[in-house]
Amino acid sequence: MAGGNEQSKKALKEVWKRAENSLCADCGKPDPDWASSTLGVFICLSCSGIHRNIPSISKVKSLKMDYWDDAQVQFLAKHGNAVTKGIYEAHIPIYYYQPTYNDCQVLREQWIRAKYERKEFTEPGKQLPYSNGVKEGILWKRGRDNGQFLPRKFLLSEREGCLKYFTKQDAKEPKINVKIDVINATFQPEKIGNPNGLQITYLKDNKTRNIFVYHESGKEVVDWFNAIRSVQFHYLKVAFPIASDNEIKNRLTRNFLKEGYMEKTGPKQREAFKKRWFTLDHRRLMYFKDPLDAFAKGEVFVGSGDNGYSVQKGLPSGTQGNFSWLYGITIVTPDREYLFTCETEADQLEWIRAFTSVINQAMTPQEYAIEAYFKFKS
C-alpha cells in the first residue's frame with residue numbers, strides 16, 4: 001500500500017477488510033483491490049477500467065499501489081459498498097439483468113453507466129427506456145442464408161406479448177412474430193464477432209431458431225435485452241399469478257450452460273465422427289455445422305438421473321467410428337447412447353460437469369412433456 005502515513009494506511013486497510021467490501025461492488029468478483037475515491041466503492045481491476053472511462057463520475061485508484069490521503073480514506077470509510085449500493089441500486093427493477101464478472105464487457109459497462117452516470121435506479125418509479133412495455137428500432141440482423149448483417153426493424157410489444165421483425169421499414173407484415181414466452185436472449189460477442197452481439201432464440205414447432213443481431217450502441221443493445229426481460233416478466237406475472245417475483249425472475253432469459261466444438265457419430269456408432277458446434281441450453285443439447293447456423297442439425301434431450309440418464313467419461317469399448325479427438329463422452333438415455341469426443345481433457349471435464357449439473361436436477365412437468373416430444377420425434 002503505497003504512500004500515506006502509517007495511521008492512514010492502517011485505516012485504509014481496516015475499511016478494505018470490511019465484509020461488505022470483500023466483493024467488487026459492480027460485478028461481485030472476490031477480493032477487489034481498486035476503489036473509487038469519488039463514489040466510495042471497492043471494485044475489481046476489470047471494472048476499474050470501465051470507471052476510468054467515465055472520469056467525470058468516478059476517479060479510481062489502486063488500493064495497493066496508489067497514495068490515499070486522510071480525506072480520501074475517511075470518504076471510503078463513510079461510504080463503502082453497502083452505503084453506495086443503497087444509493088445507486090435502491091430501485092432496480094426485478095427483471096433488470098445485473099451482470100457478474102463472468103459476463104461480457106458491454107453488459108458490465110452499461111450496468112456501471114446505468115448506476116453511476118445515468119442514475120437509473122436512484123428514484124422509485126423512474127421511466128426507463130426498457131420499462132414501458134414497447135420498444136421499436138433498428139437492429140443489424142444476420143441473414144439466415146447469406147450471412148450478411150442488414151438493418152431490420154424490430155418491434156417488441158407487451159400488449160401483444162410478442163417480438164416482431166420486418167425486412168423493410170415500411171412493411172406491414174412482419175417476417176416473424178414470436179410469442180414472448182418462447183424467447184431467450186444471450187450476449188454472444190465472440191461468436192457473432194461484434195462486441196454488442198446478441199443471440200435471440202425461440203422455439204418454432206418445438207425446434208430452436210437462432211437470430212443473431214447487434215447494434216452500434218452498447219446502451220441500445222442492452223436496453224433491448226432488458227426490454228425483452230421486462231415484457232417477459234409482466235407476461236409471466238399474468239400467466240402465473242401466484243408465483244413469486246423471484247420465481248418469475250428465474251424464468252427470464254438465461255445464458256447457455258456450455259458451448260463449444262465436439263465430434264459426434266451417428267446412431268449406429270459405426271460412422272466417422274464429425275466436428276460440430278454444440279450448445280447446451282438446459283436440457284436441450286443442440287448441434288450445428290456452424291456456430292451461426294439458424295437451425296440446429298439435431299437436438300438431444302438430457303433428462304434426469306432418476307429417469308435413466310447419465311454421463312460417462314470415455315467411449316464404450318469397441319467403438320468403431322473413426323475419430324481424431326481422443327477424449328470421449330458417452331451420454332446414456334433410456335433409448336440409446338450418444339457418443340462424443342473432445343479435443344482436450346479440459347474440454348471433456350467441462351462438458352461432463354455441465355451434463356452432470358443438468359442430470360442431477362429433477363425434471364419439471366413441462367420437461368416431461370418435452371421429453372415425450374423428443375421420444376415421439378425419434
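A residue counts as buried at under 20% relative accessible area, as exposed at over 50%, and as partly exposed in between (1.4 Å probe, protein chains only). By that rule Cys44, at 5% relative accessibility, is buried. The model is predicted, so local features need pLDDT of at least 70 and side-chain atom pairs count only at pLDDT 80 or more, while totals for chains, interfaces and linings use all residues. Residues are numbered from 1 along each chain as its sequence is written, and side-chain values use heavy atoms, with hydrogens and water left out.

**Cysteines**
- The structure holds zero disulfides, a disulfide being a pair of cysteine sulfur atoms within 2.5 Å.
- The closest cysteine sulfur to that of Cys27 belongs to Cys44, and at 3.7 Å it is too far for a bond.
- Cys27 is also buried, with a relative accessible area of 7%.

**Sheet**
- Seven strands make an open antiparallel sheet, in the order β7-β6-β5-β4-β10-β9-β8.
- Because β7 (176–179) and β8 (183–187) stand at the edges with a single partner strand each, one side of each has no neighbour in the sheet.
- Strands β4 (residues 134–142) and β10 (residues 207–214) pair in the antiparallel sense over two bridges; pairing requires that DSSP finds at least two bridges.
- Lys141 stands opposite Val213 in β10.

**Thr84**
- Thr84 lies in helix α4 (residues 80–88); helices (H or I, at least four residues) and strands (E, at least two) are DSSP runs, numbered from the N terminus.
- Thr84 is buried, at 2% relative accessibility.
- Beyond its neighbours within four places in sequence, Thr84 is in contact with residues including Leu39, His79 and Tyr116, contact meaning heavy atoms within 4.5 Å.
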